[in-house]
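Here is a short tour of the inside of one protein model.

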Amino acid sequence: MDIETLNSRFSHAGYVTFKEGPNGFPIALITTPHATAAITPYGAHLLGCRFASDSQELLFLSENAIFNEGTPIRGGVPICWPWFGPDPQQLGRPDHGLARTRIWSVASSALTPDNECLITFVLTDTPETFALWPHRFCLTLILTVGRVITLKLTTENRGNTPIQLTQALHTYFAVGDIERTSVTGLECIPYADKTDGGREKKQENSIRIEAETDRIYPFKGGDIVIHDEILDRNIRIASKGSQSVVVWNPWIRVCEQKADLAEEDYKKMLCIETANAGDDVITLQPGKNYTLVALYSIDNTKDN
Ligand code: TA6
């Protein structure tokens with residue numbers, strides 16, 4: 001669908017405007033009294049958002065991000081689906097599944113009485129997806145831009161056999177300085193350390209990132225908070241349907257290896273991913289739905 005048609009079908013009195021982004025990628029710009037956001041149908045990928053109460057971007061998007069069909073975008077919120085991480089069957093299929101490199105359809109946009117804006121994207125199976133993953137599905141992402149930024153990802157099994165699913169909202173949060181950042185909400189639980197062959201370790205206190213970090217925590221419920229001393233804000237992450245949380249920072253070496261990250265980008269980003277990953281595998285029976293939700297809000301004082 002071209003930009004003109006997208007605008008004529010989905011703009012809501014100026015709340016949603018489609019424009020051409022890098023390499024001609026359509027981008028929906030959403031402006032409400034509460035927050036602004038930019039999202040592209042390519043991967044239903046949220047590229048950025050900012051609360052009206054905050055002068056800083058909530059999300060990190062690499063200046064070296066590549067906007068090319070077939071390549072995932074580095075930063076924002078990539079959707080990892082229907083598997084998280086490497087191909088679980090080791091068939092050489094792409095890391096993190098197929099959803100982040102497909103063009104989704106824009107299905108609708110709406111306004112709530114509280115001036116929140118919702119935009120809905122849909123991805124269904126095609127012969128191309130079937131060749132990679134032989135299942136019939138309907139995947140829906142609803143982004144709500146309001147007092148809380150909400151991402152709601154629903155999988156519907158439209159086939160005749162059960163499907164097994166791992167997934168993540170692989171969110172790259174912007175931080176002022178990774179070494180002046182901590183994360184609370186995951187204390188006293190064991191995690192799988194992917195930088196150490198998946199070995200189980202225990203999180204004693206709040207998390208501080210001082211080296212390459214790639215962990216899957218079984219989720220015990222409650223909010224996770226990123227405390228940012230430099231940007232003077234706390235980011236609160238709530239979730240539904242998630243039994244695992246992934247914490248990732250590439251640190252120096254991996255950052256240097258990734259062409260779409262600048263040398264010092266590891267200092268400015270922290271991925272806290274609302275997920276079903278590792279042992280948290282969802283089995284979805286024919287005709288059933290499963291919904292994963294991440295909710296982001298912000299406090300601008302250090303004492304919260
Ligand atoms: O979520 C953490 C992770 O799975 C890491 O292992 C790391 O490689 C990262 O995702 C980024 O993956 P990508 O395929 O986007 O380079």
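## Cavity, pockets and cores

Five nonpolar residues, three polar ones and one charged one make up the lining of the largest cavity. The model is predicted. Searching the whole structure turns up one cavity of 30 Å³ or more. The largest cavity has a volume of about 40 Å³. Its lining consists of Phe-219, Ile-224, Ile-237, Ser-239, Ser-242, Val-245, Ile-272, Glu-273 and Thr-274. Two elements, β19 (233–240) and β21 (269–276), each give two or more residues to that lining. β21 gives the most, with three residues.

Next come the open spaces.

| Pocket | Volume | Lining residues | Nearest the centre |
|---|---|---|---|
| Largest | about 430 Å³ | 21 residues | Asp-95, His-96, His-170, Trp-248, Lys-258 |

The lining of the second largest pocket has 12 nonpolar, eight polar and two charged residues. Strand β10 (residues 163–165) gives the most to the lining of the second largest pocket, with three residues.

Now the nonpolar cores. The largest holds 77 residues. Within this core, Leu-46, Trp-81, Trp-104, Ile-119, Leu-143 and Ile-272 touch the most other members.

Leu-143 gives a view of the packing. Beyond its neighbours within four places in sequence, Leu-143 is in contact with Ile-30, Ala-37, Ile-39, Leu-46, Cys-117, Leu-118, Ile-119, Ile-149, Thr-150 and Leu-151. There is also a second, separate core of eight residues, with Ala-38, Leu-47, Ala-65 and Phe-67 among them.

Last, the cysteines. How many disulfides are there? The count comes to zero. A disulfide needs two cysteine sulfur atoms within 2.5 Å. For Cys-117, the nearest cysteine sulfur is that of Cys-49, 13 Å away. Cys-117 is buried, with a relative accessible area of 1%. For Cys-271, the nearest cysteine sulfur belongs to Cys-80 and is 9.2 Å away, and Cys-271 is in no disulfide. Cys-271 is buried too, with a relative accessible area of 0%. Both values count as buried because the cut-off is under 20% relative accessible area.

How values were computed. Residues are numbered from 1 along each chain as its sequence is written. This is a predicted model: local features need pLDDT of at least 70, side-chain atom pairs count only at pLDDT 80 or more; totals for chains, interfaces and linings use all residues. Side-chain values use heavy atoms; hydrogens and water are left out. A nonpolar core is a set of buried Ala, Val, Leu, Ile, Met, Phe, Trp, Tyr and Cys residues joined through side-chain atoms within 4.5 Å. Buried means under 20% relative accessible area, exposed over 50%, partly exposed in between (1.4 Å probe, protein chains only). Contact means heavy atoms within 4.5 Å. On a 1 Å grid over the protein atoms alone, a cavity is a set of points where a 1.4 Å probe fits but cannot get out, and a pocket is an open set with protein on both sides within 12 Å along at least five of seven lines; lining residues have an atom within 4 Å of a point. Grid points are joined across faces, edges and corners, and a volume is the space filled by probe spheres set on the points. Helices (H or I, at least four residues) and strands (E, at least two) are DSSP runs, numbered from the N terminus. Ala, Val, Leu, Ile, Met, Phe, Trp, Tyr, Cys and Pro count as nonpolar, Asp, Glu, Lys and Arg as charged, and the others, Gly among them, as polar.
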